[in-house]
Amino acid sequence: MLPSALADLIEFHAPLSVVQREQGGAVTLLTPGVNVLALNATFLPGAVGGVNLRDVQDWHEGQGLPPLVAWAGPDAPAGLAVQEVARVRVGDWAGQPEPPDASVVVEQVGRLHLSAWAGALCAAHGTPGWGAGLARQLAGPLEAAAGAFALLMAYRNGQAAGSLLWQARGAGGAAHLWGAADAGVGAALLNAAAGLGEDLTVTLPPAGEWDWPFLHAVTDVRYGLLVPVLGAPTQRR
């Protein structure tokens, strides 16, 4: 069984992905043409003995993508040989009573603004060249899931400074796909998303500047590339 933090990420990203696959308790999402980690990873259970990791590696590479896997917790599951490439934290955001930066304005935009929204998101992550591809990929899924997602954009002094994708979940929601020019913009985006429902589950960077008292139930999530063992199957028992 997948840890709850990984199940939460899958619930958010699966409607946005091109390919979904299950194998031995692991779940794979693949979306060629975008650089969002969670849209191109195999999410692993806490015990990987039932997962054929060589098959996972071969399948990723067969799609022309690196064998990226994700796991929950500070340490990789026993028997998993990986090279860590990124880490995030998944938790519950309670919001702030006062805006951290009064110069930031957040507004909800429609799908006609998807290109600008994707451009702001990718620019915030230092990868502006991926904006057009992300917009093209998300256009269809967001139209098919009309009402299930909302696009938020942040502006400072009239200039786009970040964006966030909010997913409705009952009385609450989730925001696992977002980017901001700085922590002040990020907090403004998350606060705006928290205002759309009773609860908000979020993905946050690992930096200490996000260690705020209104963040609760935090789980570390790490991404890594499978490291094959020459002459032997990737899976270990």
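Mentor: The largest pocket has a volume of about 640 Å³. On a 1 Å grid over the protein atoms alone, a pocket is an open set of points where a 1.4 Å probe fits, with protein on both sides within 12 Å along at least five of seven lines; its volume is the space filled by probe spheres set on the points, which are joined across faces, edges and corners. The model is predicted: local features need pLDDT of at least 70 and side-chain atom pairs pLDDT 80 or more, while totals for chains, interfaces and linings use all residues. Residues are numbered from 1 along each chain as its sequence is written, and side-chain values use heavy atoms, without hydrogens and water.

The lining consists of 30 residues, each having an atom within 4 Å of a point. Nearest the centre lie Val88, His125, His176, Trp178 and Thr203. By class, the lining holds 20 nonpolar, seven polar and three charged residues; Ala, Val, Leu, Ile, Met, Phe, Trp, Tyr, Cys and Pro count as nonpolar, Asp, Glu, Lys and Arg as charged, and the others, Gly among them, as polar.

At least two lining residues come from each of α1 (4-13), β5, α3 (114-124), β9 and β10. Here helices (H or I, at least four residues) and strands (E, at least two) are DSSP runs, numbered from the N terminus. The greatest contribution, five residues, is that of β9.

Strands β5, β9 and β10 also belong to an open sheet of 11 strands with mixed pairing, in the order β1-β2-β3-β4-β11-β5-β10-β9-β8-β7-β6; two strands pair if DSSP finds at least two bridges between them. β1 (19-23) and β6 (104-109) each have a single partner strand, so one side of each is left without a neighbour in the sheet.
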